[in-house]
Amino acid sequence: MAFVIEACWTYLITHFSDFQLACIGSFILHETVFFLSGLPFIYIERAGWLKKYKIQAKNNTTEAQEKCITRLLLYHLCVNLPVMLASYPVFSFMGMRSSLPLPSWKVISTQILFYFIVEDFIFYWGHRILHTKWLYKHVHSVHHEYATPFGLTSEYAHPAEILFLGFATIFGPAITGPHLITLWLWMVVRVLETVEAHCGYHFPWSPSNFLPLYGGSDFHDYHHRLIYTKSGNYSSTFVYMDWIFGTDHGYRKLKSLKNEEVAEFKDN
């Protein structure tokens, strides 16, 4: 497996420049992973499949789904791509490389764990700030147009928010100057995580059922259902920041009541 990965990487760095791989390559990878992981949830919702796992009974209209896709394509081309192009000199200056040898899995996993910690901290405070009255009304309310989220709504947001919260995702890699393959793996994991958190379904195989402190779809879906200043659940991937600062009390109380109802039903 390692030989195949190295051979593929050798082909890439032989035929493309660092700039092409870091900017155009990253953009193509992001779009591919994002739409391939997010689009299925649109069709699952339209077809009415897996209803027993759907968190909210309400469905989005076809028009609302199409609006989301159209705006996403616009935002990705006009905001995400220029940011990738503009940030290349920073990453390059900080030591990002694409050359062989590839980093070890130990190095890759350590760096990605660090990125999660940094991203969770910055995202929590940035997201919480976006829920102040003025910023919610003029910026963050765009993301909350979808009270019943589906996978692709994870990146549906005001351009200012894309830049503001996107900083949380790129800050860790920007200060460490990782190998490009580490940056790509971080991008893939982060995209899959945020699509899952917005998918609108809580499956038996959802990561939150197995990973301690992982938020996931059930945790974030609650956030979308409530009005701006009362929502809580501001965390990105792991939920320890909400637990530390008590911004998940409403969600925990609701979960406790539901568990009591289930226990009562089973007893009867």
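Mentor: A helix here is a DSSP run of H or I with at least four residues, and a strand is a run of E with at least two. The model is predicted. With those terms, residues 19-44 are 100% helix and 0% strand.

Now the packing of α1 on α7. Helix α1 covers residues 2-15, and its axis comes within 12 Å of the α7 axis. The two axes cross at roughly 110°. Angles of 65 to 115 degrees count as roughly perpendicular, so α1 and α7 are described that way. On the α1 side, I5, W9 and L12 make the contact. On the α7 side, L180, I181 and W184 meet them. The contact residues divide into six nonpolar, no polar and no charged.

Take L180 on its own. Beyond its neighbours within four places in sequence, L180 touches W9, L21, A22, S26, M96, R97 and S98. L180 also belongs to the largest nonpolar core, which has 41 residues. Within that core, L152 and L180 have the most contacts. Helices α2 (18-47), α3 (62-93), α4 (105-130) and α7 (180-197) each supply at least two of its residues. The largest share, ten residues, comes from α2. Another core lies apart from this one; it has five residues, among them F123, L130, V139 and L165.

Back to α1, which also holds A2. A2 is exposed, with a relative accessible area of 59%. The C-alpha atoms of A2 and S87 are separated by 30 Å, and the two residues are 85 apart along the chain.

The peptide bond from L100 to P101 is cis, with omega near 5°. P101 sits in the loop between α3 and α4. L213 has a positive phi, near 70°, and is not glycine. It is found in the loop between α7 and α8 (216-225). L213 is partly exposed, at 49% relative accessibility. N233 has a positive phi too, near 50°, and is likewise a residue other than glycine. N233 lies in the loop between α8 and α9 (240-245). There N233 is buried, with a relative accessible area of 0%.

Definitions and conventions. Residues numbered from 1 in each chain as written. Predicted model: local features only at pLDDT ≥ 70, side-chain atom pairs only at ≥ 80, totals over all residues. Heavy atoms only, no water. Core = buried A, V, L, I, M, F, W, Y, C linked by side-chain atoms within 4.5 Å. Buried < 20%, exposed > 50% of the residue type's maximum accessible area, 1.4 Å probe, protein only. Contact = heavy atoms within 4.5 Å. Axes fitted to C-alpha atoms, helices over the stretch in contact; angles between N-to-C directions. Parallel < 35°, antiparallel > 145°, perpendicular 65-115°, else oblique. Nonpolar A, V, L, I, M, F, W, Y, C, P; charged D, E, K, R; others polar.
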